[in-house]
Amino acid sequence: MTNIPVRFTYFTGIKRAIFHNPRLIGSWDDNGHYSQQWQSLDMQQIVGEDGCLCFIATVELDDSQIGWLFRWGVMLDSPAGNNLWGIPTEIHDRKSSDRYCSFTLQSPDNGQPQQAKYYLVHDRRLGAQPYYLPGESQPALRFAVWSPNARNVEVVFGNSSSGYIADDVFRDDPDFGMNPNLGPFPMLRTQEGIWQTDVSVSPELADFSRFDHVPYMFRIVNEAGRVVYRTDLYSRCQIGKGNINPDGKPFSSRYTDKHGRPFSGKYQDLDGTKSCSVVINPETVTKHFQEAVWPEQEFISEEEFWNHEFSWERPIPQRVEDLVIYELHVGSLGYGNDRPGNFEDAIALLPYLVELGVNAVELLPMSEFRDEVNWGYETSHYFALEYSAGGRDQLKHFVRECHRYGIAVILDVVYNHFNPDGERAQWTYDSDIPEHNIYYWYEGNSSDYFYPDGTPFPEGGYVDNWSTGYAPRFHEEMVRQMFISSAVTLIEEFHVDGFRVDQTTSMHLYNQLHADGKPVGNANIFGAKFLREWTRTMRLIRPDALLMAEDHSDWDQVTESPDVGGLGFDATWYAEFYHHLIGDARPGTEYAKLIPTAGYGTDAPLAMDKFAGVLAWSGHKKVVYHESHDEAGNSYYEGGGNKVESRRTIVSAANAAPLIGDTRRYAEARCRFAVGMSMLSAGTPMFLMGEEIGAQKPYRYRDFMNNREDLLGDRQTSGQQLFRFYQDIIQLRRGHSGLRSHLIDIFYVHNANRIIAFKRWDVTEEFLIVTSLNNHPFSSGYTINNARIADGQWREIFNSDASLYGGDNIGNFGSHISAINAYIHPIVPANGFVVFQQERT
């Protein structure tokens with residue numbers, strides 16, 4: 001009998017020492033034979049070659065077991081608790097959500113142990129990474145890229161002035177931008193189709209500092225033998241910060257992009273999705289927010305930078321239900337400037353947000369996206385931050401300032417599609433064959449698809465999912481890991497507090513074949529696998545991460561634990577709430593559309609009962625909103641030959657009538673009603689930037705630059721009273737646990753009178769809210785009888801019609817009303833609401 005050593009390594013890929021007490025668990029017994037009774041063995045903690053903690057152990061298995069399949073995993077203690085299973089990755093089986101690693105025992109290889117490895121995340125495995133050689137304290141540099149179809153891969157270097165390398169040019173061409181003084185360096189193929197440099201072959205890479213902030217690309221000989229230049233999808237910086245795409249051509253006045261614009265040869269004009277990637281040391285941060293030169297000159301360690309990140313006087317909210325979220329598009333800041341907004345503008349806005357009272361900002365996507373003028377939903381590089389907005393280090397400065405103000409930072413992330421203009425990024429990364437397009441889901445063979453006239457239709461095998469691009473290849477673990485690892489990077493390196501995941505329904509429900517629209521069930525199954533793996537990993541590393549999904553499936557499992565088949569999110573966006581409250585770009589009568597219907601100015605009944613239904617459901621782990629980026633001008637429908645667009649709340653509240661005199665007064669009152677329904681619901685309230693000052697301009701993808709609002713200026717002028725209302729209603733919600741609970745009871749609805757009344761409470765306090773969209777006040781009181789109203793004294797603590805908000809000051813003036821035999825008789829303002837708190841003895 002001969003024993004075969006197997007060395008197990010669990011790579012955390014995380015610098016922080018957050019895991020403890022690791023134990024190897026595997027399907028073998030004390031004699032080295034396969035066993036269904038798994039054995040446990042303590043693992044040794046070491047610092048890996050990536051500079052992060054990893055755990056190792058060696059087990060000797062009997063050579064009679066050669067050819068047997070063994071399973072294994074790791075138990076550990078993490079911030080989420082003790083004795084947790086440390087393998088978030090599910091096995092490659094559509095019918096199973098089991099999580100374990102496996103290997104087949106092989107014959108000994110010159111006495112070397114067989115290797116069994118698991119990488120929790122890949123953010124220090126792929127890309128341009130510091131790499132620690134044995135006995136060395138200063139890092140070397142290693143490049144690694146997943147390119148399973150490539151015939152050959154090299155890393156080549158550009159120059160910092162152009163940041164671009166053109167296609168199909170000779171090395172001595174002065175126009176094409178390659179740096180003649182560095183590289184190229186060969187890359188060697190290793191396991192799983194990963195190519196990486198070897199310092200023994202390229203000794204120049206032994207000194208990381210020599211390459212710090214140097215632009216580079218991968219030169220790939222693809223499956224067909226064609227040479228292509230590809231960016232590093234694990235890049236932490238894309239040097240371009242403009243909007244020019246040279247389309248692979250050398251920079252010269254004789255070449256233009258598809259819009260007829262010449263590339264100047266300066267990286268400032270270059271679209272970052274097509275530019276060189278940049279070597280970045282992930283363990284340092286710029287000392288100053290901004291310097292006049294690039295690369296910056298003064299860097300400090302991560303530890304020094306994040307010192308004094310928090311203020312004990314302004315704690316960061318830890319629970320989704322405690323949030324009041326301000327949806328912020330950084331690009332729409334910078335009012336009065338001939339450029340998109342940036343992180344400097346965002347930091348300048350923070351005192352305004354503190355004064356407003358919100359405790360969370362949700363940034364539209366900030367990972368590298370196409371062009372400089374964009375909402376951000378065309379992500380190309382998930383580890384790089386949009387350079388035109390300020391890039392990675394400026395986002396860190398922004399997050400640190402937010403935390404000092406007590407504001408949580410939530411990032412919108414997009415995993416349901418890539419940048420549709422993905423050349424040099426994901427598209428045909430190493431093969432021109434559609435079914436080998438490694439980042440995109442493809443069904444069958446490209447030779448299977450034809451147009452009706454017999455013309456080949458190779459695009460037919462891609463998968464649509466109601467997004468703006470083809471579905472990612474979620475059955476490929478390396479694709480799932482890219483998304484997961486990028487989120488871990490944002491938590492670990494950027495200290496973000498949570499995420500809003502864009503259109504999760506596209507991943508687990510909407511997948512259909514591009515050729516004929518038939519459902520692709522496997523794509524839905526693996527999309528759900530990805531989401532479970534993603535939330536599991538976030539929880540393992542940071543259990544208090546705030547995880548929200550834009551999901552329109554009404555599937556309860558979205559917010560259930562993956563351990564019981566759920567997707568693991570804290571809350572989902574509740575679009576139905578918006579559509580019933582406003583819904584001005586929805587035809588027909590399916591939705592209540594309270595605000596625009598009231599905006600007609602008639603006294604006809606409103607469908608208060610429909611809205612009451614979604615209000616009652618708001619306590620089921622929902623993010624509710626009266627306005628979001630999608631609904632403030634961008635959504636529309638075609639009706640009667642006309643294009644009917646969504647509008648800002650205040651415009652919808654007056655049905656686009658000029659906002660002057662009584663029309664504005666009524667519109668603002670209805671805005672206050674809309675905000676109140678969100679703030680006083682049992683969901684987590686959110687609203688789009690500008691709503692607090694009565695923003696009127698349409699917020700559209702195509703022309704937001706022309707419709708930016710003067711937030712700071714309008715807050716002091718036309719938006720002053722509405723801003724004050726927002727301050728007070730936010731303070732009311734944040735100051736009362738009973739208004740932040742998930743408990744709600746709608747006990748009265750009257751469509752003709754346009755009245756809804758409901759209760760909110762927890763174990764410490766109880767509230768009655770009476771709301772009206774009637775154009776006339778109930779100045780003499782409105783009688784409501786319901787057995788669920790507790791007898792006793794109720795004190796008015798908030799009135800949306802107060803004169804300081806521009807209202808008529810009709811209400812109960814902070815006085816008490818009595819509930820007797822389940823009757824109340826409050827005074828109720830027009831187009832407003834009153835809040836009563838129960839007096840407890």
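Me: How do β37 and β42 pair, and over how many bridges?
Reply: In this predicted model, β37 and β42 are antiparallel partners joined by six bridges.

Me: Is β37 mostly covered or mostly open?
Reply: Mostly covered: seven of the seven residues of β37 are buried.

Me: Which side chains of β37 point which way?
Reply: E766, L768, V770 and S772 point one way, while F767, I769 and T771 point the other way. All of these residues are buried. In a regular strand the side chains alternate between the two faces of the sheet.

Me: What sheet do these strands belong to, and in what order?
Reply: An open sheet of six strands, in the order β35-β36-β37-β42-β39-β40, with antiparallel pairing. The edge strands are β35 (744–750) and β40 (816–819), and each of them pairs on one side only. From one strand to the next, the twist averages 25 degrees.

Me: How many bridges hold β39 to β40?
Reply: Four, between β40 and β39 (residues 792–799), and the two strands run antiparallel. Q793 stands opposite S818 in β40.

Me: Which helices pack on that sheet?
Reply: Helix α11 (residues 661–679) is one of them, and it touches β36 (755–761), β37 (766–772) and β42 (832–838). The direction of α11 makes about 40 degrees with that of β42. Helix α13 (residues 720–734) packs on the sheet as well, touching β36, β39 and β42. The direction of α13 makes about 140 degrees with that of β39.

Me: Which other residue has a positive phi although it is not a glycine?
Reply: K621, with phi at about 55 degrees. K621 lies in the loop between α9 (608–617) and β31 (622–625). The relative accessible area of K621 is 33%, so this residue is partly exposed.

Me: Switching to cis peptides. Where are they?
Reply: P184 is in the loop between β12 (152–157) and β13 (185–186). Another cis peptide bond joins W294 and P295, where omega is about -5 degrees. P295 is in the loop between β19 (284–286) and β20 (299–301).

Me: Now helices. At what angle do α4 and α6 cross?
Reply: Roughly 25 degrees, for α4 (residues 477–492) and α6 (residues 521–541), with the axes coming within 10 Å. Angles under 35 degrees count as roughly parallel, and α4 and α6 are therefore roughly parallel to each other.

Me: Left-handed or right-handed?
Reply: The crossing of α4 and α6 is right-handed.

Me: Which residues make the contact?
Reply: From α4, the contact uses R480, F483, I484, A487, V488, I491 and E492. From α6, the contributors are F526, F530, E533, W534, T537, M538 and I541. By class, the contact of α4 with α6 has ten nonpolar, one polar and three charged residues.

Me: What is the strand order in the sheet with β10?
Reply: Four strands form that open sheet, in the order β10-β11-β15-β14, and the pairing is antiparallel. β10 (127–131) and β14 (188–189) are the edge strands, each pairing on one side only.

Me: How is β10 joined to β11?
Reply: By five bridges, with β10 and β11 (residues 140–146) running antiparallel. Y131 stands opposite A140 in β11.

Me: Last one. Why is β24 described as largely enclosed?
Reply: Because seven of the seven residues of β24 (residues 379–385) are buried, the strand is largely enclosed by the rest of the structure. β24 pairs in the antiparallel sense with β23 (residues 367–369), over three bridges. The bridge partner of E368 in β24 is H381.

Definitions and conventions: Residues numbered from 1 in each chain as written. Predicted model: local features only at pLDDT ≥ 70, side-chain atom pairs only at ≥ 80, totals over all residues. Heavy atoms only, no water. Axes fitted to C-alpha atoms, helices over the stretch in contact; angles between N-to-C directions. Parallel < 35°, antiparallel > 145°, perpendicular 65-115°, else oblique. Left-handed = near helix turned anticlockwise from the far one by under 90°. Contact = heavy atoms within 4.5 Å. Nonpolar A, V, L, I, M, F, W, Y, C, P; charged D, E, K, R; others polar. Pairing = 2+ DSSP bridges. Buried < 20%, exposed > 50% of the residue type's maximum accessible area, 1.4 Å probe, protein only.
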